[in-house]
Amino acid sequence: MSQYQTPLFSGLLEHAKKNPVQFHIPGHKKGVGMDPDFRDFIGDNALSIDLINIGPLDDLHQPKGIIKQAQDLAAEAFGADRTFFSVQGTSGAIIAMIMAVCGPEDKIIVPRNVHKSIMSAIVFSGAIPVFIHPEIDEDLGISHGITTDSVEKALKQHPDAKAILVINPTYFGISADLKRIVEIAHSHNVPVLVDEAHGVHIHFHDELPLSAMQAGADMAATSVHKLGGSMTQSSILNVKEGLVSAKHVQAILSMLTTTSTSYLLLASLDVARKQLATKGKELIDKTINLAQSIRKRINEIDHLHCVGEEILGSKATFDYDPTKLIISVKELGLTGYEVEKWLRERHNIEVEMSDLYNILCIITIGDTESEGFILVNALKELAEEREHRKEKIEPIQVLLPEIPILALTPRDAFYSETEVIPFEQSEGRIIAEFIMVYPPGIPIFIPGEIITKENLHYVKENLEAGLPVQGPEDDEIKTIRVIKEYKAIK
């Protein structure tokens, strides 16, 4: 088949044209049974292909027809042996990827700055995480990747590890030397799993970091919806056979996937693959040029710095994706969240994320010079407004969280007998829940870690700045769930 074909999307259109009488779910029956306001907004075309796994439309759980053809084309496009579509987002693909190689008490080597879905997979599987400290950027206050040295050291200390997981690229667009990491891991007969949530486009342009499949990784969970043009919640799981079994991966993925799979999401993966495979280079060329132009203009504004190639050179910053605009705002004397809020209220601009020191803006194939112009002008206005204030601008001091000591496996902690205590009195206790700022969803605490005074302070700093701290059962984070302690009876 040709990469210009879309077997799944085309098959859905052919089915809709027949206009069959439907005695199957979904119950809205091509939109007729749906609220009229929503139906008018969404449109009859979309609702006509919001279907279910009836015979002519194949079944994601055991694909043999148009879904299999679409997945096979995706595997060819991404250089994989097998590609599986995910309607559970990349989080679902990541959980399946880890559970396909790890069971109870199995070790998996992971960076500590992983997304919460990876830790969820570790809890579900019962695996034991062996953490590698990522390289910390003390100027930006963010974590980068892991180094080849730390991977070599971890594998020597834990030769029984079942897998190593790498983030490539990070949420901020930074890549480690993935090809060398894969070579090291494979020399120990250990498979490499890649969280490629923010890297679907890198496979289709030679000026971007190597993709997981190009680097020889064994599995990669890749968000097509984030940067590749498909609908939100649609992702893929790429597999290279050898150290992992694609049939086993399919079985695990099926266990975790709804039986009511969305054909709108699946079709959007099919057409996104076609666009990336046939026009990706040309579209990403324009995206990179636009991003670099915006970066240059932002760096001409006083008290702002948009990170570029100067970040490269350390062992953990091997390459970077220029379409990610990391904009350091600390020299304005403002937090990233304050800048995010100002941009929203004053210019109707929404950024990807903010933290204590930065905002992150993502430039994709869906952006034009018009959006770039609006962003740059807004940031100029903000900088000028700050410059004209009477008080002196004091740069914000960078505060970084520590990596706590893991006292129990995340699974043991999560399922242990627990108690709820005041947040302020929790220092030294073992936490039984997650605490993270989302986005990006990297945990400050995971179940099983010993709570430190410094990280409690870091949580409070994020809360006071207005950032979205999530995870605990108590939304206000006045209390925290910890492992129950039993004191001796007097």
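Okay, quick definition to start: contact means heavy atoms within 4.5 Å. Axes are lines fitted to C-alpha atoms, for helices over the stretch in contact, with angles from 0 to 180 degrees between N-to-C directions. Helices (H or I, at least four residues) and strands (E, at least two) are DSSP runs, numbered from the N terminus.

Housekeeping: this is a predicted model, where local features need pLDDT of at least 70 and side-chain atom pairs count only at pLDDT 80 or more, while totals for chains, interfaces and linings use all residues. Residues are numbered from 1 along each chain as its sequence is written, and side-chain values use heavy atoms, without hydrogens or water.

So, the sheet. We've got seven strands in an open sheet, ordered S1-S10-S9-S8-S6-S2-S3, with mixed pairing; strands pair if DSSP finds at least two bridges between them. Strand S1 (82–86) and strand S3 (128–132) are at the edges with a single partner strand each, so one side of each has no neighbour in the sheet. Twist averages 20° from one strand to the next.

Now the helices on it. Helix H4 (residues 66–78) lies across S1 and S10, at about 120° to S1. Helix H7 (residues 148–157) lies across S2, S3 and S6, at about 145° to S3.

Last stop, Ser-117, which sits in helix H6 (residues 116–125). Buried or exposed? At 4% relative accessibility, Ser-117 is buried (under 20% relative accessible area, 1.4 Å probe, protein chains only). Leaving aside neighbours within four places in sequence, Ser-117 is in contact with Ser-91, Ile-94 and Ile-95.

Technical notes. Buried < 20%, exposed > 50% of the residue type's maximum accessible area, 1.4 Å probe, protein only.
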